[in-house]
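Here are my notes on the model, written as numbered points so that you can follow along in your viewer. I have put the cut-offs beside the terms as they come up.

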Amino acid sequence: MELINRPRRLRRTEEVRRLCRETRLSPDALIYPIFVDETLSGVRPIASLPGQNHYGLDSVCEAVEECLAHGVTHAILFGLPAEKDGCGSSAWAEQGVVQEAVRAIKAKYPDFYVITDVCMCEYTDHGHCGILCGQEVDNDKTLDCLARIAVSHVRAGADMVAPSDMMDGRIAALRSALDADGFQTTPIMAYSAKYASAFYGPFREAAGSAPAFGDRRGYQMDPHNSREALRECALDASEGADILMVKPALCYLDVLRSCAEAFDLPMCAYSVSGEYAMIKSAAAAGLVDERRIMCETALAVFRAGANMLITYYAKELADAIRQGEIG
């Protein structure tokens, strides 16, 4: 019988599938968000984020222990302070909630990698990400505050800072301040393409950071724009960012792909609270297989070009990688 010369599909045995995977995941690429509440003793479930908790300063190391038990070695800290004011002064206080949390973690787990969120929305009584002039954020006045926050975090022991405010010039301001304080090797993860998204709702409840008036569209990106993300990334790269980020993840995979192809810097994606809550809600209603959806969405983010992922599913994903369900 004459053989027909034609392309052949990959024989999809389990071992061949694993061997030939184009996209591979590792627990080392997962970053877990931890919320630390200065007013709390112990642990309190977060109503808007099922399965997630607020931790007090006396219990934050429990969050780290849980991460390590699952093979997750990186976390990003968000602080809920006891006191707020118009300029968010507790954000850079030496004994501030994030600063004390970093010290507690590093005292017990010195090798655990701690990233800190650098912003002011959790610390201001108006909920905006900077110093106000009337009802608008004053970009330039905010830069000095952000620099003070970053330096205070690194002095406390933070391994990396991640400014999420979206002020113009913030990366240069942080880089200059860190260098001047002797922290030339501390990396900056820039929230470069952070969109004014409806997916942040559960986080704002969890962090107590909803704006008291108006919104953040004046300094976050318009969801209609993709080329703007390339300009934002280029600015942050030119100012000294070490890692670029796209946030949210799933609705902006096209942006993530474009940025990953355009810049020779590591790319981070943030799978935000609304994405997590949607999966949780659908799973609770019996509409989807939560674990498979979790794995598939994470794969999509890495396939689009991410080198690392901030996700509330970090621990479960690390388990799935170890068990061969994804990876």
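1. Strand β5 (residues 113-118) runs parallel to β8, and four bridges join the two. Strands here, like helices, are DSSP runs numbered from the N terminus (helices H or I with at least four residues, strands E with at least two), and two strands pair if DSSP finds at least two bridges between them. Val-118 has Pro-163 of β8 as its bridge partner. Within β8 (residues 160-163), Met-160 and Ala-162 point one way while Val-161 and Pro-163 point the other, and all are buried. Buried stands for under 20% relative accessible area, exposed for over 50%, and partly exposed for what lies in between (1.4 Å probe, protein chains only).

2. A word on the basis: this is a predicted model, in which local features need pLDDT of at least 70 and side-chain atom pairs count only at pLDDT 80 or more, while totals for chains, interfaces and linings use all residues. Residues are numbered from 1 along each chain as its sequence is written, and side-chain values use heavy atoms, with hydrogens and water left out.

3. Next, a run of parallel pairings. Strand β10 (residues 243-247) pairs with β11 in the parallel sense over three bridges, and Val-246 stands opposite Ala-269 of β11. Strand β11 (residues 267-271) in turn pairs with β12, again in the parallel sense, over four bridges; here Ala-269 faces Leu-309 of β12. β12 also pairs with β1 in the parallel sense, over two bridges, and Leu-30 has Leu-309 as its bridge partner in β12.

4. How are the two sides of β11 and β12 covered? In β11, Met-267, Ala-269 and Ser-271 point one way, Cys-268 and Tyr-270 point the other way, and all are buried. In β12, Met-308 and Ile-310 on one side and Leu-309 and Thr-311 on the other are likewise all buried.

5. Do look at the peptide bond from Lys-247 to Pro-248: it is cis, with omega near -5°. Pro-248 sits in the loop between β10 and α8 (253-262).

6. The largest nonpolar core has 103 residues, and Ile-34, Phe-35, Met-189 and Tyr-270 touch the most other members. Helix α4 (residues 139-156) gives the most to this core, with eight residues. A nonpolar core is a set of buried Ala, Val, Leu, Ile, Met, Phe, Trp, Tyr and Cys residues joined through side-chain atoms within 4.5 Å.

7. Now the rings. Rings of Phe, Tyr and Trp (its six-membered ring) pair if their centres lie within 6.5 Å; planes under 30 degrees apart count as stacked, over 60 as edge-to-face and the rest as tilted. The count comes to nine aromatic pairs. Phe-35 and Phe-78 have ring centres 5.6 Å apart and planes at 25°, so this pair is stacked. Because Phe-35 lies in strand β1 (residues 30-37) and Phe-78 in strand β4 (residues 74-80), the pair ties together parts that are 43 residues apart in sequence. Phe-35 is buried at a relative accessible area of 1%, and Phe-78 is buried at 2%.

8. Tyr-276 and Tyr-313 form a tilted pair, 4.7 Å centre to centre with 55° between the planes. Tyr-276 lies in helix α9 (residues 273-284) and Tyr-313 in the loop between β12 (308-311) and α11 (314-322), so the pair ties together parts 37 residues apart in sequence. Tyr-276 counts as buried at 2% relative accessibility, and Tyr-313 counts as buried at 5%. Both tyrosines belong to one aromatic cluster, whose members also include Phe-35, Phe-78 and Tyr-270.

9. Which residues line the largest pocket? Among them are Arg-21, Glu-22, Arg-291, Arg-292, Cys-295, Arg-303 and Glu-325. The lining divides into three nonpolar, two polar and seven charged residues; Ala, Val, Leu, Ile, Met, Phe, Trp, Tyr, Cys and Pro count as nonpolar, Asp, Glu, Lys and Arg as charged, and the others, Gly among them, as polar. A pocket is, on a 1 Å grid over the protein atoms alone, an open set of points where a 1.4 Å probe fits, with protein on both sides within 12 Å along at least five of seven lines; lining residues have an atom within 4 Å of a point.
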